[in-house]
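We will walk through some charged pairs, one selection at a time.

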Amino acid sequence: MRVVISLFSIFLFVNLTFAQETHYDDVLWRDFNAGFVVDIYDDTPIFDFKTIDDDQLDTDIFYGHVVILQFVASWCPYSEDQMKSIYSICSKWPDDVLVLTVSVDDENGQQAFIDLINKYNYPFYFTLDPTERIFKLFAQSHSTLPRVVVANRKGKIVGMFDEHTRKTKRIMKRIVRKSVWG
């Protein structure tokens, strides 16, 4: 009996420790305790932002599109790889998917971020958020980076990621594809 209870306890501990919320064959995804302040099915917070090209925009431009909102920093070693992954995903549906990349770099890192995006010339919207005004709408201050939120055409959050792995890229691609095709 002790062996059964011990095995059950280990099984329960492992499942709770590495639990992830998934629905519809990984079409919705959220890591538990990942520092987000939004959740699956929440409306995407509304905010305005200034692009690095000095265009003043707000989230109304995203209406009717699938949106990938990526939070990065120039000092984060995974941010550049994740941008490449997001580009490979969204390039399949250029008319349907919009990407907003938000740099939380302080003033010292902003030029490194601008150099990084100029290196690749991605068709994303880019904004600087050194005070984390936008970031705090989605995650707790000083949460890990990179961090991604995916919203469907109706503005509902359908995916949240706080890491960049092959698995999360695969799941993000499924979520975007499902959101584009309905």
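**Stop one: D48 and R133**

Start by selecting D48 and R133, which form a salt bridge with their closest N and O atoms 3.4 Å apart. Here a salt bridge means a side-chain nitrogen of Lys or Arg within 4 Å of a carboxyl oxygen of Asp or Glu. This pair links distant parts of the chain, 85 residues apart: D48 sits in strand β3 (residues 48-50), and R133 in the loop between β7 (125-128) and α4 (135-138). Helices (H or I, at least four residues) and strands (E, at least two) are DSSP runs, numbered from the N terminus.

A word about the model: it is predicted, so local features need pLDDT of at least 70 and side-chain atom pairs count only at pLDDT 80 or more, while totals for chains, interfaces and linings use all residues. Residues are numbered from 1 along each chain as its sequence is written, and side-chain values use heavy atoms, leaving out hydrogens and water.

Now colour by accessibility. D48 is partly exposed at 36%, and R133 is partly exposed at 42% (buried is under 20% relative accessible area, exposed over 50%, partly exposed in between, with a 1.4 Å probe and protein chains only).

**Stop two: R153 and D96**

Next, select R153 and D96, whose side chains meet in a salt bridge at 2.9 Å, N to O. R153 lies in the loop between β8 (147-151) and β9 (157-161) and D96 in the loop between α2 (79-90) and β6 (97-103), so the pair ties together parts 57 residues apart in sequence.

**Stop three: D54 and K50**

Finally, pick D54, which is exposed at 55%, and its salt-bridge partner K50, 3.6 Å away between the closest N and O atoms.
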